[in-house]
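Have the sequence and the 3D view ready.

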Amino acid sequence: MKRHFERQADYCSAFGADLTARLLRQLSNCICASSALGQRIFNWPGDPAPEADNIPLRLAGGLHALLLAGKARELAPIYRKGAIADADMQTLLQAVLQRHDSELTAFIENAPQTNEVRRAAGIIAAAHWLKAYNGCDLIASELGASAGLNLLFDKFHLALGDGYGPQNSPVQLTPQWQGPLPRPAHFCLRDARGCDLAPLDVKQPQDLLRLRTYIWADQPERRARTDAAISLNPPLPQKSSAIEFLRQRFAQPWTGCHLIYSTVAWQYFSKEEQKDIAELIATRGAASKSPLAWLRIEADGNSPGAGMRLDLWPEQKRIELGRIDFHGRWITWAAPQLGH
């Protein structure tokens, strides 16, 4: 288990969250194997790795939740550089884990829900490319939508070139960009809906707390960007499995291009559901008279970052759009150039 905490700590460091990385490296030494939490973690039935169920991130999120809720204010020095020594941190963490054993055990049952707004930069670029490609306006279906923040991608501004999306948006996305910019092609997003097994309603204090717990405490700019997206009133995703949600969305024909997408959510679906989703989309795409597009901004076993893969029907064609940082800090764009 320790190696999983170390690897997640490495990821945090790579994303500039050094204080959270330090917490994770200490945390793996503080879990009591005989506690309810320890029993749950060390006997986890799935894959606890960061690339799968991600137990380290779940537990780090649970501790952050205790701090944000005012239940363990003594954790605050952990998130201030130089405020606490390693030995003192271990003692502190052991005491907090013991005192909040049952609460943390319950917290880690749910998968992390980062809902990183910067990932929408990849969706926006793909949407403009898609409109330039087939000339169609969009309906959108997001799988694993969490709090629905990235269902608002048409309301965000991607500040590259002459800009994409409303310039006065409170959400300004400025990824480092490599490669040619996609041709700007104004699109109308007619209908955007999402699903999640545990959707977060940002109007409910407990759900809003859970959303914020997975924003690393040493990255206040991510908190500000998330709050800006929340100010745009995101739609509440449907509480549903992805496969059932898609069956409902496919029950009626659509007008325009139906864009299905996910952003770093695919790893949390079971292998069986992944197979069922892929088969359903391919079958429905081949039978539809209207265009269907499937965008996956997901870990694909390659590096750096995540792949951006777009499958298109009725062409039954795959487009590799490029790669994106897992938190949307950079994009390397490799999509075919389309004529004006």
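## A strand with two partners

Keep in mind that this is a predicted model. Start with an arginine pair: arginine 296 sits opposite arginine 309 of strand S9. The strands behind this pairing are S8 (residues 292-298) and S9, which run antiparallel and share seven bridges.

On to the next strand, S10 (residues 317-324): S9 pairs with S10 in the antiparallel sense too, over seven bridges. Here alanine 306 has isoleucine 324 in S10 as its bridge partner. The hairpin of S9 and S10 has three residues between the strands, and glutamine 316 takes a positive phi near 55° there. How many residues of S9 are buried? Seven of the eight in S9 (residues 306-313) are, so to speak, mostly covered.

## Helix H2 meets H5

Two packed helices are described by the angle between their axes and the distance between those axes. For H2 (residues 18-27) and H5 (residues 86-99), the angle is about 70° and the axes are 10 Å apart. H2 and H5 are therefore roughly perpendicular, and H2 passes H5 in a right-handed crossing.

On the H2 side, the contact is made by Arg22, Leu23, Gln26 and Leu27, while H5 brings Asp86, Met89, Gln90, Leu93 and Leu97. Sorted by class, that contact has five nonpolar, two polar and two charged residues.

## Helix H2 meets H4

H2 also crosses H4 (residues 55-68), at roughly 110°, with the axes coming within 11 Å. That makes H2 roughly perpendicular to H4. Leu23, Leu24 and Leu27 of H2 touch Pro56, Leu59, Ala60 and Leu63 of H4. This contact of H2 with H4 has seven nonpolar residues, no polar and no charged ones.

Key:
Residues numbered from 1 in each chain as written. Predicted model: local features only at pLDDT ≥ 70, side-chain atom pairs only at ≥ 80, totals over all residues. Heavy atoms only, no water. Axes fitted to C-alpha atoms, helices over the stretch in contact; angles between N-to-C directions. Helix = DSSP H or I, 4+ residues; strand = E, 2+ residues; numbered from the N terminus. Parallel < 35°, antiparallel > 145°, perpendicular 65-115°, else oblique. Left-handed = near helix turned anticlockwise from the far one by under 90°. Contact = heavy atoms within 4.5 Å. Nonpolar A, V, L, I, M, F, W, Y, C, P; charged D, E, K, R; others polar. Buried < 20%, exposed > 50% of the residue type's maximum accessible area, 1.4 Å probe, protein only. Pairing = 2+ DSSP bridges.
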